Amino acid sequence: MTRRPTRRVAAVASAGALAATCLLAAPAQAANDNVAIRQMNKLITLEAVLDHLEALQEISDENGGDRASGHPGYAASVDYVVEQLEDAGYTPVVQEFEFEYFDERSELERVSPDPQTFVEGSEFIRNQFDTGVPMGEATGALFPADVRLDTPGLPANTSTSGCEMTDFDGMAAGSIALVQRGTCGFSVKVLNAQAAGAAGVIVMNEGQPGRDTGLVGMIGDATGLTIPAVFSQFSVGVNLANTPGATVRVEVDFTADTRTTYNVLAETRKGNPDNVVMAGAHLDSVHDGAGINDNGSGSAALLETAIQLNRQNLKNQVRFAWWGAEESGLLGSNFYVPDLTQEERDKIALYLNFDMVASPNYMFGIYDGDNSGGTAPDGFIPEGSAQIEDVFEKIYTRRNQPFNDSEFSGRSDYGAFIAADIPAGGLFTGAEGAKTEAQAALYGGLANVPYDPCYHGFCDNLTGEGQDDAIYDALSAEYDLVGNVNTEALDINADVIGSAVLTFAYDTSTVNGVKPRR
C-alpha cells in the first residue's frame with residue numbers, strides 16, 4: 001500500500017518508540033504471565049481435585065467396583081468428565097474406538113496346608129493353546145509327576161516329566177498333576193495328565209537359567225483338553241512339590257472379545273490453534289479396582305486445570321485429553337495420534353502427560369527429557385523434551401521441592417507422541433517400584449517400600465479398604481492420606497500441572513521455536 005510521505009515520517013518516528021516499548025514489553029509480559037500462573041495456583045484447589053476423585057470413587061462403587069475400559073464404570077467416568085467440561089464452557093469431543101477386550105480371572109492357589117495365592121501374570125499364567133483352552137476350576141491333591149528339582153545345574157530338556165503315561169502311575173483320579181517343562185511338547189504333558197485322571201494340571205518351568213522365572217504361554221494344538229491347565233514359574237512348582245499333602249486349586253477363567261471405548265478431548269476457546277499445547281491423562285482403571293491414584297489422580301488434577309484454564313487469555317490453544325484403554329496397552333493415545341494427519345500433528349507443539357501424581361509413598365518424578373539417566377536409546381526422545389523437563393524442574397524449585405528423573409521409556413500415553421516426534425514431558429510419583437533410601441531422605445516416607453503399595457490393586461481407592469495396615473499406618477504418621485492418595489503430593493502436583501500447562505499456553509518458544517502472538 002502506498003503511504004503519504006508525512007505518514008511515512010510518522011511511522012519512522014514511531015518505530016524507535018515501538019522498539020523501546022518492545023524492550024520493555026517482554027519482561028512486562030513475563031511478569032504478567034507469572035502473576036497469572038500464581039493466580040492459577042490459587043484457583044486449582046486440593047478440595048476441588050478431591051471432589052473429582054470422590055466422584056470417580058462413587059462411579060466405581062456404583063458400577064461393579066472398577067472403571068475399566070469396556071465396563072460401565074468407564075462409560076460413567078467419561079460422562080462425568082464431559083459434564084464437568086461442558087459446565088466450564090468447553091465443547092468436548094468423545095472419540096469412539098474399538099479394542100480387543102481381555103479380562104483374565106484365572107487363579108492358582110494352595111488351599112492347604114498354609115494357604116497361599118499365587119499371582120497371575122507374574123507367578124503363573126493360563127495356557128494359551130491354539131486349540132483346547134477350556135475354562136473351568138478344579139481342586140485336588142497335588143501329584144508331582146516325575147518332576148526334578150535339581151535341574152538348575154543341568155542342561156535344558158533334562159526333565160521328561162509328563163512325557164510318558166507311566167509318570168502318572170499311582171495318581172488318584174481328581175488330583176492336580178504337577179508336570180515340568182522339558183523334552184516333549186506342552187500339549188503332550190497336559191493331555192497325558194488328563195488321560196491319567198487329573199482334574200487339573202500345572203506345568204512348572206524347568207529351572208535352568210532362562211527357564212526359571214519366565215512364563216511360557218504353552219501354545220500349540222491341545223485338541224481334546226477339557227481340564228484347566230496353567231504354567232508356573234519354577235519356584236512355584238518347587239513350593240508346591242515341597243509341601244507334603246498339598247491341596248491345590250486351579251482355575252482358568254477369562255473373557256476375550258471386541259468392545260467399544262472412548263477418548264475425551266476438549267480445546268480452550270482462546271489461543272493460537274496452529275500452535276497447540278496438549279495435556280493428557282488416562283481415565284481408565286484396571287479391572288481390579290477404582291484406580292484412584294492410577295489414574296484418577298492425574299485425570300482429576302488435569303480436569304480441574306482445564307476448568308480453570310478456560311477462563312484465561314491464552315497465547316496458544318490448549319487441548320486436553322482423557323485417554324481410554326491405557327491399561328489395555330496405551331490404546332487410546334495410540335488410536336488418537338496415528339489418526340491425525342501430518343498437518344494436524346505439526347500443529348501440536350508438545351504433549352504433557354500426567355499418570356499417577358499422588359502415590360502414597362511418593363517421589364516427584366519428572367520424565368527424563370534430556371536422557372541424563374541414560375535409560376532411553378539414542379534418538380528415542382524428540383528434541384524439545386529436555387526444555388519441557390527444565391520447566392517442571394524450575395516449578396518444583398520455586399516451590400522448594402525436590403525432584404527426580406523418571407525413566408522416559410514410553411510406558412504411558414506420551415509414547416504415541418514421541419513416536420510421532422512430538423516433544424513430550426510429564427510427572428510421575430511412582431508405581432510398584434520401591435522407594436530408595438536416598439529418596440526417603442529427600443521426601444520422607446518408607447524406604448524399600450513401593451511408591452504405591454496398592455498399584456493395580458483393589459485397595460487403590462479413597463476408602464482405605466484392603467490396604468496393608470502396617471504400611472499405611474506408618475505412612476499416615478507422616479503424611480495426610482485419604483485412602484490411597486497422598487494429599488500433600490496431590491496438592492503440590494495439581495499446582496505444578498496447572499503452572500506447567502499455563503506456562504506453555506503462554507509460550508512454547510523454548511520447545512519448538514514458535515514465538516507467542518502479541
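I began with two helices: α2 (46-62) and α13 (487-506) each supply at least two residues of the negative patch. I took helices (H or I, at least four residues) and strands (E, at least two) as DSSP runs, numbered from the N terminus.

Before going on, I noted that this is a predicted model, in which local features need pLDDT of at least 70, side-chain atom pairs count only at pLDDT 80 or more, and totals for chains, interfaces and linings use all residues. Residues are numbered from 1 along each chain as its sequence is written, and side-chain values use heavy atoms, with hydrogens and water left out.

I then listed the members of the negative surface patch: Glu47, Asp51, Glu54, Glu478, Asp480, Glu488 and Asp491. Such a patch joins like charges within 9 Å, from residues with over 30% relative accessible area and no salt bridge (a side-chain nitrogen of Lys or Arg within 4 Å of a carboxyl oxygen of Asp or Glu). The greatest share comes from α2, with three residues.

I looked up Asp480 next, and found it in the loop between α12 (469-476) and β17 (481-482). Asp480 counts as partly exposed because its relative accessibility is 44%; buried means under 20%, exposed over 50%, and partly exposed in between (1.4 Å probe, protein chains only).

Finally, I recorded the whole chain. I noted 14 helices and 18 strands, and 52% of the 518 residues count as buried. The C-alpha atoms fill a box of roughly 110 × 55 × 45 Å along the principal axes.

Key: Patch = residues over 30% accessible without salt bridge, like charges linked within 9 Å, V, L, I, M, F, W, Y side chains within 5 Å. Areas by Shrake-Rupley, 256 points an atom, 1.4 Å probe, with all protein chains shown as cover. Lys, Arg positive; Asp, Glu negative; His and termini not counted. Charge placed at Lys NZ, Arg CZ, Asp CG, Glu CD.
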